[in-house]
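Visitor: I am new to this structure. Please show me how to read it.

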Amino acid sequence: MVNKENYIDKNEGIPLNWFEVNKNSSFVNHLKRILSAKGIRIIFSFFWSTFISNFKRISKIVIGIFIFLFSVLVIAMKLEIEPSDLSRDYGGVYHLEPYVGMLSSLGIFIWCASVTLCWFAWYFLRTQNKDSGRKNFFLVSGLITTIIAVDDLFQFHEIIVPDYFGIPEISFYIVYTLTLIVFNVKYINILMNRYFSILILAYSFLAISILFDMFIEDHVPFGTYIEDGLKFVGISLWSFYFFKTVDMELRVEPVIKH
Amino acid sequence: MILEILQLSIQRIKKNYRAYLLGLGIPSFILYLTYTIGKLKGIELGDLTRDPNTILKGHVYTGMISNAGIFFWSASATICLFTAVFLRIMKADLQKVMLMAFAGLLSFILGFDDVFQMHEKMFSDIRYVPEELFFLAYFLCVVFIVIVCFKTFLQTDFVLWTLALLMFLISLVIDHELITVNSDHAFWEDSFKFAGIVLWMFYYLRTSMNFILYESKKVGEYGK
């Protein structure tokens, strides 16, 4: 668990003051100090001591990553899929121009920003061991956003589930709507902070995008662009709302301001 | 109840109109830019907005690890930029703010480069820029950040960060065929890159969390 003590202040007997930046010292002088014999000696001894003290944690992360990659390789070989098709980006596999899917990729970037913010806030509150209501709010927000983002990225609702499991796309929207209704009702007091309208706008844009996709897209010029544009604005607003909410939570201002 | 919520919403919009302008303005600007680029270059607008796999009706698994990599790049950029803003508001040590702000920007650029293949293709229409020049620029940025914030950097779990760079280096070495991999050359190159991105994200997650906890405890429980 992360706490104040874990932030390495103790220096473990190593004189880190050697690297203290003096207001008058230039960048070059600072570089010289780092590259001096004493500087290098300090860096190596510090590297070694932190490596030993964090060995368990680092090994867990590295082993976890490589187990994942190894599993991907094994699955690819079993299913007779070219492993590089899984690891390369679309552009590399299909030899596309870099602009293809530009907005979609940016959307993924922004989805991921809100996913990160929610999980980050949850992790922070967990370490503080405070107010389980708020902690759960960020946990649920993180889960919902992660599911929607992963769905958007891997097209679960568009291709995988309808094509492979025969479940129609509309059932996804129904499940999402019901989940969001429950989420909003349960956490209405936390959601109604000073940026609440941004959340409502985000919902509106995402809902209009879905309705546009279902009923209008094929009948108007630039239909695809308009639909994806509406979705993009919705995702951005969703992200912005959580940025502001997490910021307020961490600074611990009273979230509801009437 | 609904009327009350509506009134409250209007009140909030009036009070925080700048945030609303920003929240709506940035995506609108990006959309406008996309539209203009599409029109100027004569590109089908749907090609710019749709997911590439939908356009090409490819396999859903194509680019799986690359996509997961984008997720982690974005996570690193978000964590670092958010922490930089937070620390600045909390009037934290300037070196911490700088470390996080630089790292956030660099993660964003690296992620952007990864998504749009900036170092491989993006500028080839305008002017050829050798790939090595990009790598050199990134390396110099990293060195600059570390030197400027060296003392703060040493106080973090920088071993994770070093491992991330090592993974990137191995990926580059495989890419440039300095090490011969018998089969699945691209897979190994991308795998090491992915490992690097995940380690990079973990390093900044831990560092940010420690900085924020440190600051929030320094000013007292619950920031009061």
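**Two helices side by side**

Guide: Helix α6 (residues 102-128) and helix α7 (residues 132-154), both of chain A, pack at an angle of about 155 degrees, with axes 8 Å apart. Axes are lines fitted to C-alpha atoms, for helices over the stretch in contact, and angles run from 0 to 180 degrees between N-to-C directions. Helices are DSSP runs (H or I, at least four residues), numbered from the N terminus. This is a predicted model: local features need pLDDT of at least 70, side-chain atom pairs count only at pLDDT 80 or more, and totals for chains, interfaces and linings use all residues. Residues are numbered from 1 along each chain as its sequence is written, with chains lettered from A and ligands numbered from 1 in the order in which they are written.

Visitor: How are α6(A) and α7(A) oriented to each other?

Guide: Angles over 145 degrees count as roughly antiparallel. α6(A) and α7(A) are therefore roughly antiparallel.

Visitor: Which residues in α6(A) meet α7(A)?

Guide: Contact means C-beta atoms, placed from the backbone, within 7 Å. Among them are Trp111(A), Val115(A) and Ala121(A) in α6(A); those they meet in α7(A) include Phe138(A) and Leu139(A).

Visitor: How many residues does each chain give to the contact?

Guide: Chain A gives 88 residues and chain B gives 80. On the side of chain A that touches chain B, α6(A) supplies the largest share, 15 residues.

Notes:
Two residues are in contact if their C-beta atoms, placed from the backbone, lie within 7 Å. Angles under 35 degrees count as roughly parallel, over 145 as roughly antiparallel, 65 to 115 as roughly perpendicular and the rest as oblique.
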